Amino acid sequence: MSPEPVVFTVASPDPVGGRPADKWSSLDMPAIIKQLTATGVSAPDDQSGELTALVKEAKADGHDLFVLVTDQHFSPFTVYRDIAQELQQTTGGTVLVFGPGGMGTASTDFSRVELEDGTSEVHAGASAPQAAREIYEKAVDPNVNWTLVTIALIVVVVIGAVIARVRGRASVDDGTEPTPAADGTDVDNEATPAT
């Protein structure tokens with residue numbers, strides 16, 4: 001029997017500051033950290049397989065990914081983000097935390113914007129492994145750097161202008177300007193009509 005689908009609420013930055021650790025004092029943080037550092041995953045058995053595969057995939061891509069799935073409900077939902085930040089201080093890399101009331105992320109590899117783009121696209125009713133994959137794939141998805149695109153286009157236009165200028169001068173030199181004759185006098189390259 002597959003787990004019940006969960007609707008996740010994204011934890012946005014808290015303008016007041018971090019939540020105190022007593023909000024999640026029911027979690028065994030040392031045990032969770034031990035699991036995360038050993039396998040990258042702290043989750044129920046029925047979700048560990050998919051999550052472990054994703055962690056290995058991320059490792060192969062050069063990213064350290066850690067995923068916690070808890071059955072504990074925390075309120076407000078920003079506590080999940082605070083838990084992710086707390087864990088990330090020990091594990092480094094990227095930490096994703098999922099629970100019945102929301103999800104939270106923290107990372108040194110990806111910007112807050114990249115993570116929020118990923119969490120905003122998680123499909124409603126996605127399981128924690130599906131949500132983790134969607135967030136990770138969106139974060140590593142190549143983003144267009146418009147500054148570099150603009151610079152490249154300017155360079156192409158400048159090179160095109162230089163080539164056009166060189167070709168224009170070459171065509172002028174090939175037939176429209178006078179060239180010196182063997183005796184030192186100028187000879188017009190264009191044919192003159194016979195009289």
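Here is a short tour, going from the whole chain to single residues.

**Stop 1: the whole chain.** Keep in mind that this is a predicted model. Starting at the N terminus, their order is α-β-α-β-α-β-β-α-α-α-β-β. The chain has 195 residues, and 33% of them are buried. Now think about contacts between residues with a separation of 6 or more: 60% of these join residues 24 or more positions apart.

**Stop 2: the largest nonpolar core.** Hide the surface and select Leu51, Leu65, Val67, Val69, Leu96, Phe98 and Ile135. Within this core of 22 residues, they are the ones that touch the most other members. Which elements supply at least two residues each? Color helix H2 (45-60), strand E2 (65-69), strand E3 (94-99) and helix H5 (128-140), and you have them. H5 gives the most, with six residues. Apart from this core there is another one, made of 16 residues; to find it, select Trp24, Phe66, Leu68 and Ala84, which are among its members.

**Stop 3: helix H2.** Zoom in on H2 and pick its end C-alpha atoms. They sit 23 Å apart, which agrees with the 22 Å that 16 residues should span at 1.5 Å a residue. Which residues of H2 are buried? Select Gln47, Ser48, Leu51, Leu54, Val55 and Ala58 to see them. Their cover includes helix H1 (29-39), strand E1 (41-42), E2 and H5. Then step just past the end of H2 to Gly62, where phi is positive, at about 95°.

**Stop 4: a patch on the outside.** Bring the surface back and select Leu148, Ile151, Val155, Ile159 and Ile163. Together these form a nonpolar surface patch with about 440 Å² of accessible area. Now click on Val155, which belongs to helix H6 (residues 146-173). Is Val155 buried, exposed or partly exposed? With a relative accessible area of 42%, Val155 counts as partly exposed, because that class lies between the 20% and 50% cut-offs. While you're looking along a helix, one handy rule: an α-helix has 3.6 residues a turn, so residues three or four places apart point the same way.

How values were computed. Residues are numbered from 1 along each chain as its sequence is written. This is a predicted model: local features need pLDDT of at least 70, side-chain atom pairs count only at pLDDT 80 or more; totals for chains, interfaces and linings use all residues. Side-chain values use heavy atoms; hydrogens and water are left out. Helices (H or I, at least four residues) and strands (E, at least two) are DSSP runs, numbered from the N terminus. Buried means under 20% relative accessible area, exposed over 50%, partly exposed in between (1.4 Å probe, protein chains only). Contact means heavy atoms within 4.5 Å. Patches are made of residues with over 30% relative accessible area and no salt bridge: like charges are joined within 9 Å, nonpolar side chains (Val, Leu, Ile, Met, Phe, Trp, Tyr) within 5 Å. Accessible areas come from the Shrake-Rupley method with a 1.4 Å probe; for residues, only the protein chains shown count as cover. A salt bridge is a side-chain nitrogen of Lys or Arg within 4 Å of a carboxyl oxygen of Asp or Glu. A nonpolar core is a set of buried Ala, Val, Leu, Ile, Met, Phe, Trp, Tyr and Cys residues joined through side-chain atoms within 4.5 Å. The expected span of a helix is 1.5 Å times one less than its number of residues.
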